[in-house]
Amino acid sequence: MSEIRTDPYLARFASRTREMSASEIRALFAVASRPEVVSLAGGMPFVGALDHDVVAEVTRAVVAEEGETALQYGGGQGYAPLREQLAAVMATEGVTAHADDLVVTTGGQQALDLVGKLFLDPGDVVLAEGPSYVGALGAFQAYEADVDHVPMDNDGLIPAVLEERLAALRHEGRTVKFLYTVPNHQNPAGVSLSTSRREAIADICAREDVLIVEDNPYGLLDFKGELRPSLRTLAPDRVIYVGTLSKIFAAGLRVGWVAADGPVRDKLVLLKEGADLCQSNLTQLIAERWFRTQPWQDQVAAFRDVYRERCDAMLTELGHEMPPEATWSVPGGGFFVWLRLPQGLDSRELLAKALHARVAYVPGAAFFADGTGGQHLRLSFCYPTPDRIREGVRRFGEVLREEIELVTAMYGEAR
């Protein structure tokens, strides 16, 4: 009788890793990246809008003039001159922050991971918009927190429901560590939190002694250039602010940051040092020189123009191709449209047919910790050209019409 061998690693994994799995977005990349597929799935910025020759010249100057620093280890908090530039970026949105309050991270994603590691114990509750950014869900669940969703509408998270959830969780004896929100051009819903709701949410969290994690990748990508008050401005003593250069400069530099008060900042520096010792000095110095020497606000305006044109192409084509029963958000900025399918259709079940028709999207269930959201899906307009976007929506429209006809033939009417 042969001996049955067990995997020498599997039984030794930490318990918190048992439920970890690849996100649906990552799983889609292998198929969606094929040239014949129109990918409306990934949220990749259109870095083609950058002048690559200028980026190359900035990089060359950094190495030539500051190579001894750029190619060396750095400090755990991040390069001080870059933190000054990042504080200036925040100031353009009306957010006051001192460079000493900032911790530079490997993109906004590491910032979320470090915040989760700092605050979350197993069984803690994180309140988050429903739907919510999939990367944040993964970061918080990795520390065995329970994500409880608060619904949204066209004005963002609904404060009255937030109050109800807080009361119910308090009655259950649960510990709510923080509210996580993407208030500007939310990923994936594409909507922004109204000013009155920002004020209401800040008041509710102050009364209930709940922290707020404000994730703001898209605030400067408003198609009209409009700015909304930051939650950190409304409640500076309880808001941890997460920013990134991925959407307003270059995602490949992997530069993000956290703005937080002293005790939180100090712990985040220790966690950052434990994770990767320090941020890349090379990418930090490139970013610092870019924002110090280049007309970066003009570049952001150019990004806005690109994304506005692509959003318009998507919205126009959706109006032509979608059945009357489908509805979708109308974003005023950012990268994403959130679409609701006709009753009875499930976006995850429909995905295989969409991929066969050479178009990709992200099923809505990816954005809910509890696996709901099957009637929704996310469409991204940031990367494909307008013509590709129109073609992708046409392909998806054909798939949807065929599915509706099939359901009608089987059941006599939509389920």
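In which loop does Pro-131 lie? Select the stretch between strand 3 (125-130) and helix 5 (134-141), since Pro-131 lies in the loop between them; helices (H or I, at least four residues) and strands (E, at least two) are DSSP runs numbered from the N terminus. The model on screen is predicted, with residues numbered from 1 along each chain as its sequence is written, and local features need pLDDT of at least 70, side-chain atom pairs count only at pLDDT 80 or more, and totals for chains, interfaces and linings use all residues. Side-chain values use heavy atoms, with hydrogens and water left out.

**Backbone stops**

Go next to Asn-187 and Pro-188, where a cis peptide bond has omega of about 15 degrees; Pro-188 lies in the loop between strand 6 (176-181) and helix 7 (195-208). Then select Asp-209, in the loop between helix 7 and strand 7 (211-215), where phi is near 55 degrees, a positive value in a residue other than glycine. Most residues other than glycine have a negative phi, and most peptide bonds are trans.

**Two helix pairs**

Show helix 2 (residues 52-70) with helix 10 (residues 281-293), which pack at an angle of about 125 degrees with their axes 9 Å apart; axes are lines fitted to C-alpha atoms, for helices over the stretch in contact, and angles run from 0 to 180 degrees between N-to-C directions. That angle makes helix 2 oblique to helix 10, on a scale where angles under 35 degrees count as roughly parallel, over 145 as roughly antiparallel, 65 to 115 as roughly perpendicular and the rest as oblique. To examine the contact (heavy atoms within 4.5 Å), select residues including Val-58, Val-62 and Glu-66 of helix 2 and Leu-282, Leu-285 and Trp-290 of helix 10. By class, this contact has eleven nonpolar, three polar and three charged residues, where Ala, Val, Leu, Ile, Met, Phe, Trp, Tyr, Cys and Pro count as nonpolar, Asp, Glu, Lys and Arg as charged, and the others, Gly among them, as polar.

Now turn to helix 11 (residues 296-321) and helix 13 (residues 386-411), which pack at an angle of about 25 degrees with their axes 9 Å apart and are therefore roughly parallel to each other. Their contact includes Glu-309, Arg-310 and Glu-317 of helix 11 and Arg-390, Arg-394 and Arg-401 of helix 13, and its residues divide into six nonpolar, one polar and seven charged.

**Two cavities**

Finish inside the protein, where the structure holds two cavities of 30 Å³ or more; a cavity is a set of points, on a 1 Å grid over the protein atoms alone, where a 1.4 Å probe fits but cannot get out, and lining residues have an atom within 4 Å of a point. Grid points are joined across faces, edges and corners, and a volume is the space filled by probe spheres set on the points.

Technical notes:
On a 1 Å grid over the protein atoms alone, a cavity is a set of points where a 1.4 Å probe fits but cannot get out, and a pocket is an open set with protein on both sides within 12 Å along at least five of seven lines; lining residues have an atom within 4 Å of a point.
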